[in-house]
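Reader: I would like to learn how to read the features of a structure such as this one, with the criteria stated before the cases. Could we go through them one at a time?

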Amino acid sequence: PNNPHPYPWMNSLFQDGATISWLMGESFILDHARRSVIPERLTDTLLGNDGEVVDEEGYFRLTHMSDAVMTDREIRELPKVWALGGDGGMGDIGFQNVSKVILQNRPNVKLLMLDTQVYSNTGGQNSDSSPMLGGYDMNQLGAATQGKYTEKKGLAETFISGHGSPFVAQVSMANAAKLYKALLDGLEYRGTAFFQCFTSCQPEHGVADDKAFVQAKLARDSRCVPDLVFDPTAGETYAETLDLVGNPSRDRDWWQATRSDTKEKYSYTVAHWAATEARFRRHFKKVRAADALKPLEEMLERVTQNDVVHRRFLDPDHRAYVPDFGVTIEVDDGGGKTRTLAISRHLVLFCVERRRAWRLLQSKAGIENLDYETQRTFLERLDRGELTVEERRAGAAA
């Protein structure tokens with residue numbers, strides 16, 4: 001019945017926010033026409049015309065004023081309606097509503113999805129935006145379950161194709177300047193704008209209260225939620241309209257980070273990011289000296305998303321076989337030292353899935369990824385029997 005906001009605010013059933021905003025936006029267009037556009041146009045006509053004030057066609061246009069005949073300036077002056085929701089309300093149970101509204105491309109409807117990757121209000125259910133790692137109260141990995149193999153739904157990636165011409169941005173506080181620039185550009189755009197913003201839920205994610213910015217940066221840099229802006233005014237090809245500026249190492253699979261102790265370069269994957277959040281703790285184990293484990297980078301070169309779909313990672317005789325907790329990564333502990341951890345099979349598959357999603361974005365943006373070309377050549381030779389894994393390992397440095 002009341003709220004602290006100094007502007008009109010409505011609390012709808014959470015999956016209905018987008019459609020209710022659409023209807024409110026239509027009312028704002030009508031109200032704006034009657035209070036602003038029509039009086040201004042009539043005034044201009046009266047002051048600048050000594051003859052007939054308005055003809056029959058002009059009278060009809062004024063009395064049936066819609067956004068279709070408004071100028072860009074009149075559209076910019078329209079009151080905007082914002083729908084705010086989480087990934088559950090907008091990307092899961094409310095996805096159909098959001099999809100419908102975005103396709104209308106109404107000039108004054110803007111949507112902001114705070115992507116916590118989980119139904120936070122129900123105690124930790126999976127949403128379609130949840131990574132396959134789970135890590136929530138209602139999705140725990142253990143002996144009694146094989147876990148979740150579903151790929152992560154990317155709302156921003158979905159809406160840049162097959163949804164008309166909305167303005168779309170996937171942003172976060174990892175780059176505040178880019179976030180606000182995208183918001184301003186979306187407000188200026190004569191159509192619907194959708195913003196997907198990675199948002200830490202500190203208790204659910206298991207991170208400190210002052211680490212929201214840090215985690216947003218790591219999530220972006222690891223390719224979990226890369227920055228992207230889709231501006232339909234920039235052209236009619238993906239290479240023109242899709243902007244991936246802001247992501248580090250844009251032409252590589254992974255960001256090439258630097259170790260704090262040895263200053264060596266290494267590939268920063270989503271596995272490294274997952275090691276910084278307590279929600280994924282079940283996917284890590286300490287390495288014992290007797291363990292014969294494979295490094296993650298070597299394993300990733302042997303597995304593709306197609307292998308995941310066909311479950312080849314479960315076949316011990318296949319090159320794509322991924323042993324559970326048989327793969328290692330080295331992580332920076334934040335104190336200038338490097339730790340070696342064994343990671344779960346699911347975490348390896350999550351790296352494969354996020355890498356493919358990033359490669360698809362790169363290809364749309366017109367970016368050539370040499371890592372992919374190298375892997376594809378290696379797998380073709382491996383599957384033809386022209387090369388063995390051991391030979392590849394021996395020549396990996398070269």
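Author: Let us begin with strands: helices (H or I, at least four residues) and strands (E, at least two) are DSSP runs, numbered from the N terminus, and two strands pair if DSSP finds at least two bridges between them. This is a predicted model, in which local features need pLDDT of at least 70 and side-chain atom pairs count only at pLDDT 80 or more, while totals for chains, interfaces and linings use all residues. Residues are numbered from 1 along each chain as its sequence is written, and side-chain values use heavy atoms, with hydrogens and water left out.

Reader: With those criteria, how many residues lie between β11 and β12 in their hairpin, and which residue in the turn has a positive phi?

Author: Five residues separate the two strands of the hairpin, and Gly-334 in the turn has a positive phi of about 85°. The pairing of β11 with strand β12 (residues 338-343) is antiparallel and extends over six bridges; within it, Asp-332 has Thr-338 of β12 as its bridge partner. Strand β11 (residues 327-332) also pairs with strand β10 (residues 294-295), here in the parallel sense and over two bridges, and Pro-295 has its bridge partner in Thr-328 of β11.

Reader: In what order do the six strands of the open sheet come?

Author: The order is β1-β2-β4-β3-β5-β6, and the pairing is mixed. At the edges are β1 (81-86) and β6 (242-243), each of which pairs on one side only. Inside the sheet, strand β2 (residues 109-115) runs parallel to strand β4 (residues 193-198), the two being joined by six bridges, and Leu-112 has Phe-195 in β4 as its bridge partner.

Reader: Which helix lies across β1, β2, β3, β4, β5 and β6, and how should I read its angle to β3?

Author: Axes are lines fitted to C-alpha atoms, for helices over the stretch in contact, and angles run from 0 to 180 degrees between N-to-C directions; contact means heavy atoms within 4.5 Å. The helix you ask about is α7 (residues 176-188), which runs at about 165° to β3 (167-171).

Reader: Is Phe-167 buried or exposed?

Author: Buried means under 20% relative accessible area, exposed over 50%, and partly exposed in between (1.4 Å probe, protein chains only). Phe-167, which is found in strand β3, counts as buried because its relative accessibility is 2%. Leaving aside neighbours within four places in sequence, the contacts of Phe-167 include Ala-182, Asp-185, Tyr-189, Phe-195 and Val-229.

Reader: Which residues of helix α9 are buried, by that criterion?

Author: In α9 (residues 212-221) the buried residues are Gln-215, Ala-216, Leu-218, Ala-219, Arg-220 and Asp-221, and they pack against β4, β7 (255-258), β8 (265-268) and α11 (270-274). Just after the helix, Arg-223 takes a positive phi of about 80°.

Reader: How many salt bridges does the structure hold, and what is the general idea behind them?

Author: Side chains of opposite charge can pair when their charged atoms come close. The criterion for a salt bridge is a side-chain nitrogen of Lys or Arg within 4 Å of a carboxyl oxygen of Asp or Glu, and the structure holds 27 of them. One of them joins the side chains of Asp-72 and Arg-190 (2.8 Å, N to O), a pair that links distant parts of the chain, with Asp-72 in helix α3 (residues 72-76) and Arg-190 in the loop between α7 and β4, 118 residues apart. Asp-72 counts as partly exposed because its relative accessibility is 48%, and Arg-190 counts as partly exposed at 30%.

Reader: Which residues are linked with Arg-220 in a network of salt bridges?

Author: Lys-217, Asp-221 and Asp-227 are linked with Arg-220 in that network. The side chains of Arg-220 and Asp-227 meet in a salt bridge at 4.0 Å, N to O, and both of these residues are buried.

Reader: Which element contains Leu-46, and is that residue buried or exposed?

Author: Leu-46 is found in helix α1, and this residue is exposed because its relative accessible area is 53%.
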